There are 2 protein chains.
Amino acid sequence: MALGFLSGNAPRLDGLIERLESAEGLEDLQILIEELRDRYGVDHIVYHWVNSNGEQYGCGTYDLEWVNRYLEKGYLRVDPVVAGCYQRFHPVDWKRLDWSSKAARALMQDAIAYGIGNQGYSIPLRGPNGQFALFTLTHNCSDGEWEDFTISNRRDLILVAHYFNQKALEFEPGRTPEPAQPLSPREIEAMTLLAVGYSRAQAADTLSISEHTLRVYVESARHKLGAMNTTHAVARALSRGVIVV
Amino acid sequence: MALGFLSGNAPRLDGLIERLESAEGLEDLQILIEELRDRYGVDHIVYHWVNSNGEQYGCGTYDLEWVNRYLEKGYLRVDPVVAGCYQRFHPVDWKRLDWSSKAARALMQDAIAYGIGNQGYSIPLRGPNGQFALFTLTHNCSDGEWEDFTISNRRDLILVAHYFNQKALEFEPGRTPEPAQPLSPREIEAMTLLAVGYSRAQAADTLSISEHTLRVYVESARHKLGAMNTTHAVARALSRGVIVV
DNA sequence: ATCTAACTCCCCAGAAATAGCGAGGGGGCA
DNA sequence: TGCCCCCTCGCTATTTCTGGGGAGTTAGAT
């Protein structure tokens, strides 16, 4: 199959992006991702939520068979695409990743056998609370063709990936942060100092108050955050954006 | 001052984005951000790296006076823009944030006094290891004008913000303190359980291992994360995205 | 074949955090 | 005025965490 659009004649995505912006459910995303694949003329496009807890959400054009195999084999843990994107900010061509490990080569061979394609381009996406997702295009073609394709479409792809992630975050349940009871300024200071590694004594010293007073703040913050202990409280404060470190 | 570009006649940014992509230093970013402000005809554009450790990097068109005041007053900790963007993925109009707290209103008044403008639009950006940055445009105009402006330019702004962050990450490798030594699966499990409030004993029980073994993981994770204590380690793991709660 | 890294278990002593009891002054709000 | 929240401080006892030590197996990488 030939790539539909190389340099100079990229498809107009305005309409598609608008429909993406007004998508109202995960089904819409699936429809749009298939349409996008056809417009670009690539073999596969996949949006994929990566979460170390094992939970996953994804939509895309991979065969279910391959997805299941990927999960069963635990490829998530050895996939250089995941590892590589996790350390990067900018989109990455699969060729530039490190495929030297045995497990990675096995994964690649397996993927090709399942028709994923020998080329790939993945865009890392990050949301609140450590959310991490990938937007990936794969195809079967020469290195040169792939490079032309990715270079001439990179900006559109970043935008499309961004909106996919925005919608996925919007639709995905289980991300409902409880209405955070606000912490007092002193409580925030105390929690922040603990979060950056200070002990209670050090934090108290830094704020020029007695350790006991600091303890009161921490306890108070803990109760407000509904936390079991200080570590838990700091974790909650961080993931709710109450403190920033 | 009137906005240069509203719906229908947004500036062509291709050339600017290309120069952004080929920027070779922080000075180039400063030049480009000023050019961008002039092209859009807004009062200010600022890219800044948010990190409560006190370290900050930023470039933009704010007066140094205001930047210093912001830091001195500790506005970072009370700024609804920071807190709001920290919990969102999509760009946000300042009007939609919660300015009800006294500190937030004081900040807003102060900002207006320093000529920041009554309108603002901020794009949250996230990179590896929990990096978090903001790309902000501010202006002095009516709500309607601002809405027209942001709606018609939102896509370009996302792209520009993306490339700014990419370049800033590229030029400031020192912002990634340790090369993010990856945690082992067991270490991640242990840290995750601690982050959700389990004591060491509970976590060990949950993983069906002895408390001593769990302790080994926690200690190991702590060293890998360069943390002073468990709370610090969990905070770092969270803000680097090593664990997800 | 060797080596590193991950995973598992054990003991001990000192440091730190937690849980409970207190107390009083200041500011905002009804 | 009364109420509630924020800020500040003290004491004691118990539980938990931290920082040393050592030791064995398994699996993957060189």
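Predicted model: local features only at pLDDT ≥ 70, side-chain atom pairs only at ≥ 80, totals over all residues.
A network of salt bridges links A:Glu18, A:Glu21, B:Arg154 and B:Arg155. Over all chains, a search of the whole structure finds 25 salt bridges.

The two chains were compared by superposition. Two copies of a chain are related by a rotation about an axis and a shift along it.

Chain A has 245 residues, and buried residues make up 51% of them. Its secondary structure comes to 10 helices and five strands. Among contacts in chain A with a separation of 6 or more, 65% are accounted for by residues 24 or more positions apart. Chain A exposes about 11,000 Å². Carbon and sulfur atoms supply 50% of that area.

Helix α8 of chain A spans residues 200-207. Within this helix, A:Ala203, A:Ala204 and A:Leu207 are buried. Seen down the axis of α8(A), the buried residues fall within an arc of 100 degrees, so they line one face of the helix. They pack against two helices of chain A, α7 (185-195) and α9 (211-225). A:Ser208 follows α8(A). The phi of A:Ser208 is positive, near 55 degrees.

The side chains of A:Lys224 and A:Glu187 meet at 2.8 Å, N to O. A:Lys224 lies in helix α9 of chain A and A:Glu187 in helix α7, so the pair ties together parts that are 37 residues apart in sequence. A:Glu187 is buried, with a relative accessible area of 5%. A:Lys224 is partly exposed, at 23%.

In chain B, a salt bridge joins the side chains of B:Arg200 and B:Glu211 (3.9 Å, N to O). B:Arg200 belongs to helix α8 (residues 200-207) of chain B and B:Glu211 to helix α9 (residues 211-225), so this pair ties together parts that are 11 residues apart in sequence. B:Arg200 counts as partly exposed, at 33% relative accessibility. B:Glu211 likewise counts as partly exposed, at 37%.

A further salt bridge pairs A:Asp38 with A:Arg37. The closest N and O atoms of this pair are 3.2 Å apart. A:Asp38 counts as exposed, at 54% relative accessibility. A:Arg37 counts as partly exposed, at 22%.

Burial was also examined for a lysine of chain B. B:Lys167 is found in helix α6 (residues 143-171) of chain B. Its relative accessibility is 6%, so B:Lys167 counts as buried, the cut-off being under 20%. Neighbours within four places in sequence aside, B:Lys167 is in contact with B:Leu20, B:Glu21, B:Ser22, B:Ala23 and B:Leu29.

A nonpolar patch occurs on the surface of chain A. A:Leu64, A:Val67 and A:Leu71 make this patch, which covers about 260 Å². A:Leu64 is found in helix α3 (residues 64-72) of chain A. At 62% relative accessibility, A:Leu64 counts as exposed, since the cut-off is over 50%.

Definitions and conventions: Residues numbered from 1 in each chain as written. Chains lettered and ligands numbered in written order. Heavy atoms only, no water. Patch = residues over 30% accessible without salt bridge, like charges linked within 9 Å, V, L, I, M, F, W, Y side chains within 5 Å. Areas by Shrake-Rupley, 256 points an atom, 1.4 Å probe, with all protein chains shown as cover. Salt bridge = Lys/Arg side-chain N within 4 Å of Asp/Glu carboxyl O. Helix = DSSP H or I, 4+ residues; strand = E, 2+ residues; numbered from the N terminus. Buried < 20%, exposed > 50% of the residue type's maximum accessible area, 1.4 Å probe, protein only. Arc of directions from axis to C-beta. Contact = heavy atoms within 4.5 Å.
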